[in-house]
Every structure is written in structure tokens, then in C-alpha cells.
Amino acid sequence: MSAGALRIWGRISSVNVQKVVWTADELGLAYERADAGGAFGVVATPEYRRMNPNGLVPVIEDGGFVLWESNAIVRYLAAKHAPGTLWPDDLRRRADADRWMDWQATTFTPAMRDAFWQLVRVPAEKRDAAAIDASRLASEKAAAVLDAHLAGRAFVAGEAFSPADIVLGCAAHRWLNLPLAREPRPEMERWYASLRARPGAAQVLSTPVT
Ligand SMILES: N[C@@H](CCC(=O)N[C@@H](CS)C(=O)NCC(=O)O)C(=O)O
């Protein structure tokens, strides 16, 4: 990797890596991404554990500064490169985006974890139907909250695109592409379609859910 460029470690199939890649693409940053995690390994090496003792992806290195936790990375990159635009200056607008980022990490994504894991990663004959259904119901509850919130709003935090759209856009990409029957969510689907039209989202939102 060349010196000085932003470095991202993590396989693109990881929803948490996708957030970071989308943010970098949205900001037009030059970066180099190294596959790590899953079948790529790397995360158990002593060098990697020195960067992230959790052994998880993503990790970034930016001019000697190492950071893990995907939403913290998204906030860091947005605040560094786009204060006042991607990262709102206004305290309340920023808190609004921030709140939805936390909601993605603590509510929406945990709700869909079992459905994703069972339907995408577990062989059909070994699937736990009860776990899938409980996860589907919890995800529908969260999807209903987001769908209702998006009514009358172009983006999650109002009229301007914010980091909340990136992290929830990655979560929605997963939810809307899981092979299961979902309730119709017209506002969420309208918002997701608008995200898919963004050049900065092209790489991530065209990545299959695997
Ligand atoms: N809270 C962490 C979670 C990171 C995480 O769970 N990453 C998963 C991929 S989405 C991981 O590293 N799994 C192990 C692996 O890929 O080897 C974040 O948001 O960055």
C-alpha cells in the first residue's frame, strides 16, 4: 500500500465495512482497501490485533491514526472531510443523525442478525425456522419505525443526506435483499431507491448480500 493514503481493512461483504467504503466513496477520498475477515483471515494475526484487539473488521489507518468501530469511523471521516455538509455543524441536526446511527447499531441491525445468518450463511437443512421468524418480526417492527419516520422526509435526518443515510442505507440494503417475505415499506423503498442513484453508493449498494 502506498504511504499516506487512507487504509481500510475489511472484506466488502461485511455490512460494517460497507459503511466505511461508502463514506469514503461519497467523500471522493483516495483509499486502499485490504480484504480481511471471514475467509480472508488476517484478523487473528498479532499485527491486526494490535490495531483492533477485538479481531473484527473494519479498521482504518489515516496518517498513523488507527480507528475501529464502523460508525465511529463514519463520523470521523465525515467530520474530517465534510464539516458543515455530510457532518452537520448544527448541534441538533447532528444529534438527529447521530441518534439514527445509534439506532441502526443497537436496534435495526441486531434485529435482523439471525434472519441474515440463518438464511444467507447456514445451509438450508440446518436452519432454525423459529430464530428466523423471531428475527423477521423484530426487523419488521424496526422497519415500520423507519418507514413511518421517512414519510415526508427526503433523508433520515431531514432534507440533507447525512451519515445516518449511509449506515441505515447499508442496513436497508441487507434487509431489502434478504430472501424472505417482507411487509411493503413504500417510504423506505423510495428512500433506498434514491440512495441507489448516488454515485457514492454504487460500489456498496451493488454488492450482493452474502
Ligand atoms: N461494532 C463493530 C462490529 C464489527 C463486526 O462485527 N464486524 C464483523 C463483520 S460485519 C466481523 O469482523 N466479523 C468477523 C470476520 O469477518 O472475520 C463495528 O461496527 O465495527
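This is a predicted model: local features need pLDDT of at least 70, side-chain atom pairs count only at pLDDT 80 or more; totals for chains, interfaces and linings use all residues.
Modeller: Residues are numbered from 1 along each chain as its sequence is written, and side-chain values use heavy atoms, with hydrogens and water left out.

Biologist: Why is the contact between Arg-33 and Asp-35 called a salt bridge?

Modeller: The term requires a side-chain nitrogen of Lys or Arg within 4 Å of a carboxyl oxygen of Asp or Glu. In Arg-33 and Asp-35 the closest N and O atoms are 2.7 Å apart, so the pair meets that limit. A search of the whole structure finds 10 salt bridges.

Biologist: What makes Arg-33 and Asp-35 buried, exposed or partly exposed?

Modeller: Relative accessible area decides, computed with a 1.4 Å probe on protein chains only: under 20% is buried, over 50% is exposed, and partly exposed lies in between. Arg-33 has 29% and is therefore partly exposed, and Asp-35, at 33%, counts as partly exposed too.

Biologist: Which parts of the chain does the salt bridge between Asp-102 and Arg-75 tie together?

Modeller: The closest N and O atoms of Asp-102 and Arg-75 are 3.0 Å apart. Asp-102 lies in helix 4 (residues 91–121) and Arg-75 in helix 3 (residues 70–81), so the pair ties together parts that are 27 residues apart in sequence. The helices named here are DSSP runs of H or I with at least four residues, and strands are runs of E with at least two, numbered from the N terminus. Asp-102 has a relative accessible area of 41% and is therefore partly exposed. Arg-75 and Asp-102 are also linked with Asp-98 in a network of salt bridges.

Biologist: What makes one space a pocket and another a cavity?

Modeller: On a 1 Å grid over the protein atoms alone, a cavity is a set of points where a 1.4 Å probe fits but cannot get out, and a pocket is an open set with protein on both sides within 12 Å along at least five of seven lines; lining residues have an atom within 4 Å of a point. Points are joined across faces, edges and corners, and a volume is the space filled by probe spheres set on them. The largest pocket holds about 640 Å³. Of its 28 lining residues, the closest to the centre are Ser-14, Val-15, Asn-16, Val-57 and Arg-113. Helix 4 gives the largest share of that lining, 9 residues.

Biologist: What is the make-up of the lining of the largest pocket by residue class?

Modeller: The lining divides into 11 nonpolar, 11 polar and 6 charged residues, where Ala, Val, Leu, Ile, Met, Phe, Trp, Tyr, Cys and Pro count as nonpolar, Asp, Glu, Lys and Arg as charged, and the others, Gly among them, as polar.

Biologist: Why do the ring pairs Phe-65 with Tyr-76 and Phe-155 with Phe-161 carry the names they do?

Modeller: Rings of Phe, Tyr and Trp (its six-membered ring) pair if their centres lie within 6.5 Å, and planes under 30 degrees apart count as stacked, over 60 as edge-to-face and the rest as tilted. The structure holds 5 aromatic pairs. Phe-65 and Tyr-76 have their ring centres 5.1 Å apart and their planes at 50°, so this pair is tilted. It links Phe-65 in strand 4 (residues 65–68) to Tyr-76 in helix 3. For Phe-155 and Phe-161 the centres are 5.7 Å apart and the planes at 85°, so the pair is edge-to-face. Phe-155, at 14%, is buried, and Phe-161, at 10%, is buried; together with Trp-22 they form one aromatic cluster.
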